[in-house]
Amino acid sequence: MSLAISVLRLAICILSFPIYLLNFLGLWSWICKKWFPYFLASFTVTYNEQMGNKKRELFSNLQEFAGPSGKLSLLEVGCGTGANFKFYPPGCRVTCIDPNPNFEKFLFKSIAENRHLQFERFVVAAGENMDQVADGSVDVVVCTLVLCSVENQEQILREACRVLRPGGAFYFMEHVAAEHSTWNYFWQQVLDPVWYLVFDGCNLTRESWKALEQASFSKLKLQHIQAPLSWVLNQNQTKPSQL
């Protein structure tokens, strides 16, 4: 099996030689940062159609974590194009963080289409370093399709815990490694090196639930689901709370 994976990886790498060459020359990262928001804006439409019910279920009790004022303060890490905005409750105060500044125009388009929200600000920063967000200042942190591409999962979860108020909640939905004995996992291993380059650092074989289990949340509700999209191979969804 490992030989087959190696042979197929080599074949795909040969076909993807122009990308590897651009990456070697230091140009691919710039190109990827530019084109990826356009891809994600298109992908989001399909993804929300396929996963809309799961997202509505996941975010159904967001308002329960609102502070004493009744206003929900929400921080979305890796906000991208604002794909989750339509699922947030009316009056929700939203702060967005993403390391790619090229998402800004797509994000503001989503804001204009979701007038039920109160947009606070867009911060260009990595989730591992959210110094611009004060300790214990938000009710909820949302992170969807992000843990697959961050450099340090443990650090981003520590940052999430830091900015959450006591009793706040962390919501996520991620694609993760499939069961090791499945064909899904076989193809994840084959495609992972090229996938990482093409999709801006996304890893297909991460077992993200392990990092969540080790984080300092007082409660962890974790569910593995099969995504309708055939190539988004496993999903995790959770509502862990921090005391």
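Let's start with strand β1, residues 73–77, where Ser73, Leu75 and Val77 point one way while Leu74 and Glu76 point the other way, and all are buried. Buried here means under 20% relative accessible area, exposed means over 50%, and partly exposed is in between, with a 1.4 Å probe and protein chains only. Helices (H or I, at least four residues) and strands (E, at least two) are DSSP runs, numbered from the N terminus.

A quick word on what you are looking at: this is a predicted model, where local features need pLDDT of at least 70, side-chain atom pairs count only at pLDDT 80 or more, and totals for chains, interfaces and linings use all residues. Residues are numbered from 1 along each chain as its sequence is written, and side-chain values use heavy atoms, leaving out hydrogens and water.

Now, which strands pair with β1? Two strands pair if DSSP finds at least two bridges between them. β2, residues 93–98, runs parallel to β1 and is joined to it by 5 bridges. β4, residues 138–144, also pairs with β1 in the parallel sense, over 3 bridges. Keep an eye on Leu75: its bridge partner in β2 is Thr95, and in β4 it stands opposite Val141.

Next stop, helix α6, residues 183–198. The expected span of a helix is 1.5 Å times one less than its number of residues. For the 16 residues of α6 that gives 22 Å, and the end C-alpha atoms are 22 Å apart, which agrees. Still, α6 bends by about 55° at Asp192, with a proline, Pro193, following within four residues; the bend is the angle between axes fitted to the seven residues ending there and the seven starting there. Among the buried residues of α6 are Tyr185, Phe186, Trp195 and Asp192. Their cover includes α1 (2–15), α2 (17–24) and α3 (28–58), where contact means heavy atoms within 4.5 Å. Just after α6, Asp200 takes a positive phi of about 55°.

Finally, let's visit helix α7, residues 208–214, which contains Glu213. Is Glu213 buried or partly exposed? Glu213 is partly exposed, with a relative accessible area of 48%. Not counting residues up to four places away in sequence, Glu213 touches Leu220 and Leu222. Gln63 is 150 residues from Glu213 in sequence, and their C-alpha atoms are 24 Å apart in space.
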